[in-house]
Amino acid sequence: MARRSVAPRGEVPFLHEKQIEAEADLLLAEYGHEHEPILAPPVPLDEIVEFHLHLTLEYKDLKALFGPSECVGVW
């Protein structure tokens, strides 16, 4: 199985749309290999983020943090 690329700490590489799709496919394949394959939506994003990538997923009220004029797309 192919491996996802990892950027050096603190750096965010530029990826073309096809690269993003390939990375997403690899991530879903990794998750499916360890758990169960994802054959159709919905994709369990919270499980992938927290249990597969070992990251913390938080929801915050950005309007409360930054003010309404600083938040684009927040209702």
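Visitor: Where does His-54 lie?
Guide: His-54 lies in the loop between H2 and H3. Helices here are DSSP runs of H or I, at least four residues long, and strands are E runs of at least two, numbered from the N terminus.

Visitor: And what am I looking at, before I get carried away?
Guide: This is a predicted model, with residues numbered from 1 along each chain as its sequence is written. Local features need pLDDT of at least 70, side-chain atom pairs need 80 or more, totals for chains, interfaces and linings use all residues, and side-chain values use heavy atoms, with hydrogens and water left out.

Visitor: Back to His-54, then. Is that one buried or exposed?
Guide: His-54 counts as exposed because its relative accessibility is 66%. The cut-offs are under 20% for buried and over 50% for exposed, with partly exposed in between (1.4 Å probe, protein chains only).

Visitor: What about the phi of His-54?
Guide: His-54 isn't a glycine, yet its phi is positive, at about 55 degrees. Most residues other than glycine have a negative phi.

Visitor: OK, zooming out. How many helices and strands does the protein have?
Guide: You get 3 helices and 0 strands. Going along the sequence, the pattern reads α-α-α.

Visitor: How much of the protein is buried?
Guide: Of the 75 residues in the protein, 12% are buried. Gly-32 is one to look at, since its relative accessible area of 12% makes it buried.

Visitor: Which helix is Gly-32 in?
Guide: Gly-32 sits in helix H1.

Visitor: How far is Gly-32 from Ile-48?
Guide: Going C-alpha to C-alpha, Gly-32 and Ile-48 are 9.9 Å apart in space. In sequence, there are 16 residues from one to the other.

Visitor: Let's switch to charges. How many salt bridges are there?
Guide: The count comes to 1 salt bridge, where the rule asks for a Lys or Arg side-chain nitrogen within 4 Å of an Asp or Glu carboxyl oxygen.

Visitor: What does Lys-60 pair with?
Guide: Lys-60 has its salt bridge with Glu-58, and their closest N and O atoms are 3.5 Å apart. Side chains of opposite charge can pair when their charged atoms come close.

Visitor: Are Lys-60 and Glu-58 buried or exposed?
Guide: Lys-60 and Glu-58 are both exposed.

Visitor: Where is Leu-62 in all that?
Guide: Leu-62 belongs to helix H3, residues 62–66. Leu-62 is partly exposed, because its relative accessible area is 37%.

Visitor: Last one: what's the accessible surface of the protein?
Guide: About 6800 Å², and 59% of that belongs to carbon and sulfur atoms. Areas are Shrake-Rupley with a 1.4 Å probe, and for residues only the protein chains shown count as cover.
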